[in-house]
Amino acid sequence: MTRAQRRRAFNGVFVVLCSIATLIALSALVMILWTLLSKGLGGIDGMIFTHDQPAPGSPGGLRNAIVGSLIMCALGMAIALVIGILAGTWLAEYGAGTKYGHVVRFFNDVLISAPSILIGLFVYELLVAPFHGFSGYAGGVALAFLATPIVVRTTEDILTLQPGALREAGMALGASRAFVIRKIIWKSARTGLLTAGLLGFARISGETAPLLFTSLGNQFYNAKLSQPMASLPTTIFQFALSAYDDWQRLAWVGALLIAVAVLFINIVGRVLAREKSHA
Amino acid sequence: MLKMFVVGVGALAIATTAAAADISGAGATFPAPVYAKWAEAYKAQTGVGLNYQAIGSGGGIKQIKAKTVDFGASDKPLKPDELAAAGLYQFPTVVGGVVPVMNLPGIAPGQIKLTGAVLGDIFLGKITRWNAPEIAALNKGVNLPATPITVVHRSDGSGTSFLFTSYLAMKNSEWASKVGASDSVQWPTGLGGKGNDGVAAFVKQTAGSIGYVEYAYAKQNHSTFASMQNKAGKFVQPTAAAFGAAAGSAPWLRSPGNYILLLDQPSAAAWPITGATFILMYRNQENPTAGAEVLKFFEWGYNKGDGLAASLDYVPLPATVKGLLKKQWAHSITAGGKPVYVAK
Amino acid sequence: MGAETLSLPRRPLYESSMDTELASPRGAPPGHALGEIIFRYACAGAATFLLAALAGVVVSLFIGGLPAFRAFGFGFLTSTTWNPVNEVYGAAGPIVGTLITSFLSLLVALPLALGVSVFLVEFCPVKLSRPIAIAVELLAGIPSIVYGMWGLFVLAPWFAAHVQMPIAMDFAPDSLIGKIFSGTPNGANIFTASLILAIMILPYMAAVFRELFLTVPPQVREAAYGLGCTPFEVIRAVVIPYVRRGMIGVIMLGLGRALGETMAVTFIIGNSHGFPHSLFDSGSTIASTVANEFAEATSDMHTSALIALGFLLFVITFIVLAVARLLLREAKV
């Protein structure tokens, strides 16, 4: 075989392998989605969004859990995006190459692997025990703890890979560094930052353990952050492991809702950022 | 985009059109469905919301000690000295049972008879096949297969495990010395499933396996359960009547601090692995109104909640016991020396 | 292939001039100086806050776990006894389970994630690439409890029937294969838990890999193609070196996720505290043990042992990441 033929052969094998990998990933998705859909779709009815969670045997929906999840995820993502993007920017721009930067980056990676239940415990000690009450604030903060390291890591990786030419161009025009970062680098890294946010949101949207000891959960509708709040993951957890068919059905509906919400936000986010297609 | 987030969060935080729960409790998973059912009906009747969350008996005990909830709930009763040390009072609410379930094709529910000692040996790993002589001796005439026994237990700590292991410790001395009784033990053999659901799933998937679940799970899944020999020597099947018989024949009046395990009770119809679930409250209430609301709720549960509890496969306490407990509240839960609430 | 000249310099070129901007005789543009300072300190403050938060978590875990460390000493790390009745605890089982499942899952997920992202960037028809990308990210959005339940109700029985039983039938228990793959054939073991973990971390890694690949300037890739490289060679020699640092970050992300994942693992790992004897044996991880037992742990020593486990997980993560960084630094030279 000539050298050219060998190179082409390697390439051919490579293409096949990559396609197989994609097929495996997609089939895993299809299998799991199939389980979700087959068990969850049947349970969707008009009451899901208008009624609060029921006791077993009574009719009801998931309204309180949905609202609670939205509120606490929003709070968590707000905190995570602010701290995460700023910290990631610092790591990529001001702190790049410094020893302190190394330390922060390293510890951020360690924080990514923190088991969510331990984060929940820490926030419990911080925000629940001293105030003698569970609250949505504690839940939101716990979620922020989980999302922030992912946002930081991804932001730093994306910003570091922005071309130096962009920064030089901004500087040449007389802009201050902050201006360059905010108006030029962040803008050009828009889709990457969006991915960072989406990954963070995907992580916290399905988390149960940190919410158990912080927001506790609530059988009734509650939109006040200072009181215990229901959330989809905790409700799913409670209902899925119960003995009652109607509760299990609601659990699958809840799981389906979370997956659909993540998908929806994904699509909307990408459309908003008007991602350039790659040739 | 950031601004949108902040504004959105602020708006949602301000949106407070609906009422939050007025009292909060947390603890055992076992009674969570019945408390939820009672709370739903109670709110419809009185407008007072009781938010109960199942975070585990240990969680319930921790949280009432940390005063983050108005009451705690535990499947495992605290001993009188523990109660005194923490300044707590406990009372039971409903009764349920733990049922051994197995996967033996061709065997009908209740057909297999077991004793506590044999069950203990199975879970110790000493009896390894279904056609072992110890099991055959109890089940003459039943065609037992030679399948190996796979033990399934709980991987998470649980009041169900506490009841089950306490029963095994009572009936099997080797179990008592080797393993002991607790909501989480070092199981000598077997697989750990998460929750009653996990145990039920493993049992369903593995031929020849045996596990233990709460009665509601055995009933809803139509599992093959075993008949157990009770203290009177009779082999009984797990039914609401059998749990009620156990609760009825238990020595409530002679139990200080209401510390009572309903295991192995004397009645001929009693199911030997029965247990009650308990509520924990402070003897001295710092917030008398909240304390009164909690007691009012459970009074309602005692007086009007029996039907709802039974519909979910829970067994209400005997009427005499309920009367006794309501009287206890008047002098056990006080604020500034006066009872917080006098129940009818 | 000269990719080094195209990679980003470690320090921004303009750093020195920016720092002396305020000292220049022309002075800073109006309004910018204060904004510059505020922004810079906001960023640094966020980074420090992150560090402080982590320090807080680790310190509180250490304090919580101290009674257990004091009671059991170094034996805590080597003993497999986990007995809540006698209050004797040893972390060896969960530690080993955590390490095995995390590395195994990374081993499975990394090539898959690379394959998926390369496919999406290089070979996929343009119209299909966005839907497939969104589909892969959808995997990330599925709640971890659903993974756990899917694993328990779907993967475990399938695995038991189609993989474990055939192996048990075909290979003698004493042979090498028999020993590596021994275990109760019900699909709840370390290997299946690793598979579930791999599926969980795959979408994170694939999504960020794809973003990284998309930052490679088209001119660079076109130059390589212009020289006659096959796509495989472009990826191997141009794209991957360009984004190597970011890739390492992604691997850290995936590994970190795998180390701490709770719900998905706990349903399917079988939860026995001893040393796993084979790949198909049940085991436990630190995260699953803490999740299983924390809610019910009443005694102080039990709670303390669980918190000590959590602290150990941080230490393990620390060590693993530090070792990875060291290896990387050597590889670059």
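Biologist: What is the mean pLDDT of chain B?

Modeller: Keep in mind that this is a predicted model. In chain B, 94% of the residues reach a pLDDT of 70 or more. Averaged over chain B, the pLDDT comes to 87.

Biologist: Over which residues of chain B is the pLDDT below 50?

Modeller: There is a stretch like that, and beyond near neighbours in sequence it has twelve contacts in the model. Where pLDDT is low, the predicted coordinates should not be read in detail. The stretch of chain B in question is residues 12–20.

Biologist: Moving to chain A, which helix of chain A has the highest mean pLDDT among its elements?

Modeller: Chain A as a whole has a mean pLDDT of 86, and 97% of its residues reach 70 or more. Among its elements, helix 11 (residues 245–273) of chain A has the lowest mean, 82. The highest mean, 92, belongs to helix 2 (residues 63–94) of chain A.

Biologist: How many helices and strands does chain A have?

Modeller: Reading from the N terminus, the elements of chain A run α-α-α-α-α-α-α-α-α-α-α. Its C-alpha atoms fill a box of roughly 70 × 55 × 30 Å along the principal axes. The tally for chain A is eleven helices and zero strands.

Biologist: What area is buried between chain A and chain C?

Modeller: The contact brings together 100 residues of chain A and 106 residues of chain C. Carbon and sulfur atoms give 74% of the buried area. On the side of chain A that touches chain C, the residues divide into 62 nonpolar, 24 polar and 14 charged. The area buried between chain A and chain C is about 9,400 Å².

Biologist: Which side chains meet in a salt bridge between chain A and chain C?

Modeller: Nine residue pairs are in polar contact across chain A and chain C, counting pairs with both at pLDDT 80 or more. The salt bridge count there is one. With N to O at 2.7 Å, the side chains that meet are A:Arg7 and C:Glu233.

Biologist: And which helix of chain A gives the most residues to the side that touches chain C?

Modeller: The top contributor supplies 19 residues to that side of chain A. The element is helix 1 (residues 3–40) of chain A.

Biologist: How many salt bridges are there between chain B and chain A?

Modeller: Chain B puts 38 residues into this contact and chain A puts in 43. Together they bury about 3,300 Å², 65% of it on carbon and sulfur atoms. Eleven residue pairs are in polar contact, both at pLDDT 80 or more. For salt bridges between chain B and chain A, though, the count is zero.

Biologist: Which helix of chain B supplies the largest share of the side that touches chain A?

Modeller: By class, that side of chain B has 25 nonpolar, seven polar and six charged residues. Several elements of chain B each supply at least two of its residues, including helix 1 (2–14) and strand 2 (50–54). The largest share, seven residues, comes from helix 2 of chain B.

Note on methods: Residues are numbered from 1 along each chain as its sequence is written. Chains are lettered from A and ligands numbered from 1 in the order in which they are written. Side-chain values use heavy atoms; hydrogens and water are left out. Contact means heavy atoms within 4.5 Å. Buried area is the accessible area (1.4 Å probe) that two parts lose on being put together, summed over both. A salt bridge is a side-chain nitrogen of Lys or Arg within 4 Å of a carboxyl oxygen of Asp or Glu. A polar contact is a pair of N or O atoms within 3.5 Å; within protein, one must be able to donate a hydrogen and the other to accept it, and residues adjacent in sequence count only if both atoms are side-chain atoms. Helices (H or I, at least four residues) and strands (E, at least two) are DSSP runs, numbered from the N terminus. Ala, Val, Leu, Ile, Met, Phe, Trp, Tyr, Cys and Pro count as nonpolar, Asp, Glu, Lys and Arg as charged, and the others, Gly among them, as polar. pLDDT is the predictor's confidence in each residue, from 0 to 100.
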